[in-house]
Amino acid sequence: MTTGSPLFSLQKKRVYIRTFGCTYNAGDSRKLASVLEAQGCVLVADPAGADAIVVNTCTVVGPTQIKVLRELRELQGYTRAPLYVTGCMPLVQESDIREVCTPVFIHSSEIHEAYRRVTRVPAGPVGIVQACQGCLGECTYCITRLARGRLVSMSREEVVSETERLVQAGAVEVQLTGQDVSAWGRDRQETLGDLLRALDSLGGRFMVRAGMMNPATLHPIAGEVAAAFRLQKVFSSLHLPVQSGSAGILARMKRGYTPTDVETIVETFSRAVPGFSLTTDVICGYPGESEEDFLATLDLLERIAPDRVNITRYSPRPGTPASREKDMPDRIKKGRSRRLREFAEGIAREKNAPWIGRVVSVLVTEHPRPGSSMARTKDYRGVVLQGNYAPGTVLSVRLLDDRIYYFTGEPV
């Protein structure tokens, strides 16, 4: 990091960091915190007591953009502390930010460069490793690909080294993140399976959770990655965003796969890792989505039976091809998202029912609130326990109640 970097000016100050968005953004904020602490700064939880404020922005959907801009406007209005802005939004919407505040911009590459020079890593039971940035896709609705660019993978040696450092600093869960984790290594003639096997060979008590994977890049290596999910230190949990079950909509989205490809991937994992957990993402109300297209999405979800569905109502993002198409009335998008949520929760309850009363082995990973602990099964099902169990503790627990996206349990 040079003296010309905005980060260099943050020396021995009280700094407040506000983070929006995905796990990758959270990783940037954690790296930033390590850099600031190495420069003598103190992190504070209240912006009113800060000498400087950093907002790590997200603009993946319209409502998030509105929320970020509102917060920037409010921060600019009630504090005299200098305002620094990083994340995706400055890369694609700098003018929108300047309309509400007068910030100093920090590029995420500056954070990464500075982080390489510090010896400390973010301590805590859940670590984040940014295995890759950018993607190989050309999805018509996605503004993130415009912000993050083409795929750049961290080397296998760097990922292994960062994981080792995080484990030594107390991590018992390591989250591999990126805009498309299954694309990792494509620019290095390696595959995600190679990386997961390397991480599994490390010492220490920890588990690796592989992040979101695009079906287009996972399909060619599905068997290899599914086999890696059987490894001792890899959670058998797949995050596979399908976005739509309509072949026509997927083609117009330029997603690069078909509903049949998605089913093939799920079948491959089902054979290799019986009982693996599946999370998917769906966009409701993409321009031109008919009722027939929507019903095709419900049909696909019924066939692949995901444990969790993240639902997003389509919102046009500036600079994307889809933003030039006619948007759908919001009432239709709201209605479809409600129907989809009820449908998905029905699938989840049906899948969860046989688990009630079972005794399973779990790894305690963190404390979501005082007096309770979050634990994970090998397939990453969440189990909330009463009591403060130390992260890294392995317990046998009985599952008591289904809360749709997690269980409650008690040690036996």
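Predicted model: local features only at pLDDT ≥ 70, side-chain atom pairs only at ≥ 80, totals over all residues.
**Entry 1: ground rules**

I count two residues as touching, or in contact, when heavy atoms of theirs lie within 4.5 Å. Residues are numbered from 1 along each chain as its sequence is written, and side-chain values use heavy atoms, with hydrogens and water left out.

**Entry 2: Asn25**

I began with Asn25, which lies in helix 1 (helices are DSSP runs of H or I with at least four residues, strands are runs of E with at least two, and both are numbered from the N terminus). Is Asn25 buried or exposed? Asn25 is buried, since its relative accessible area is 1% (buried is under 20%, exposed over 50% and partly exposed in between, with a 1.4 Å probe and protein chains only). Leaving out residues up to four places away in sequence, I found Asn25 touching Thr19, Phe20, Asn56, Thr57, Cys58 and Arg148. I also looked up Thr86, which is 61 residues from Asn25 along the chain, and the C-alpha atoms of the two are separated by 9.4 Å.

**Entry 3: helix 1 against helix 5**

Staying with helix 1 (residues 23-38), I found that its axis and that of helix 5 (residues 108-115) come within 9 Å and cross at roughly 50° (axes are lines fitted to C-alpha atoms, for helices over the stretch in contact, and angles run from 0 to 180 degrees between N-to-C directions). Helix 1 is therefore oblique to helix 5 (under 35 degrees is roughly parallel, over 145 roughly antiparallel, 65 to 115 roughly perpendicular, and the rest oblique). The crossing of helix 1 past helix 5 is left-handed (the near helix is turned anticlockwise from the far one by less than a right angle; clockwise is right-handed). From helix 1 I noted Tyr24, Asp28, Lys31, Leu32, Ser34 and Val35, which meet Ser108, Ile111, His112, Ala114 and Tyr115 of helix 5. By class, this contact between helix 1 and helix 5 has 6 nonpolar, 3 polar and 2 charged residues (Ala, Val, Leu, Ile, Met, Phe, Trp, Tyr, Cys and Pro are nonpolar, Asp, Glu, Lys and Arg charged, the others, Gly among them, polar).

**Entry 4: Tyr84**

Next I turned to Tyr84 in strand 4 (residues 83-87), which counts as buried because its relative accessibility is 6%. Setting aside neighbours within four places in sequence, Tyr84 is in contact with Pro6, Ser9, Leu10, Ala52, Ile53, Val54, Val55, Val104 and Ile106. The C-alpha atom of Tyr84 is separated by 12 Å from that of Leu32, a residue 52 places away along the chain.

**Entry 5: two further helix pairs**

Helix 7 (residues 156-168) packs with helix 8 (residues 192-200) at about 35°, the axes being 10 Å apart, and the crossing of helix 7 and helix 8 is right-handed. Arg156, Val159, Val160 and Thr163 of helix 7 make this contact with Asp194, Leu195, Ala198 and Leu199 of helix 8. I read off 5 nonpolar, 1 polar and 2 charged residues in the contact of helix 7 with helix 8.

For helix 12 (residues 259-272) and helix 13 (residues 291-304), the angle is about 15° and the axes are 10 Å apart, so I record helix 12 and helix 13 as roughly parallel to each other. Helix 12 passes helix 13 in a right-handed crossing. On the helix 12 side the contact is made by Pro259, Val262, Glu263 and Val266, and on the helix 13 side by Leu300, Arg303 and Ile304. This contact of helix 12 with helix 13 comprises 5 nonpolar and 2 charged residues, with no polar ones.

**Entry 6: cores**

Which residues touch the most other members of the largest nonpolar core? Among its 82 residues they are Leu238 and Phe269 (a core is a set of buried Ala, Val, Leu, Ile, Met, Phe, Trp, Tyr and Cys residues joined through side-chain atoms within 4.5 Å). Beyond four places in sequence, Leu238 touches Met213, Leu218, Phe229, Ile265, Phe269, Phe276, Ser277, Leu278 and Thr279. Another core, of 19 residues, lies apart from the largest one and includes Val44, Ala50, Ala81 and Met89.

**Entry 7: loops**

Gln243 sits in the loop between strand 11 (237-239) and helix 11 (247-253), and with 9% relative accessibility Gln243 counts as buried. Its contacts, not counting residues up to four places away in sequence, are Tyr141, Met253, Arg255, Tyr257, Asp281, Val282 and Ile283.

Gln189 is not a glycine, yet I found a positive phi of about 60° for it. I placed Gln189 in the loop between strand 9 (173-177) and helix 8, where its relative accessibility of 72% makes it exposed. Lys254, also not a glycine, has a positive phi of about 60°; Lys254 lies in the loop between helix 11 and helix 12 and, at 46% relative accessibility, counts as partly exposed.
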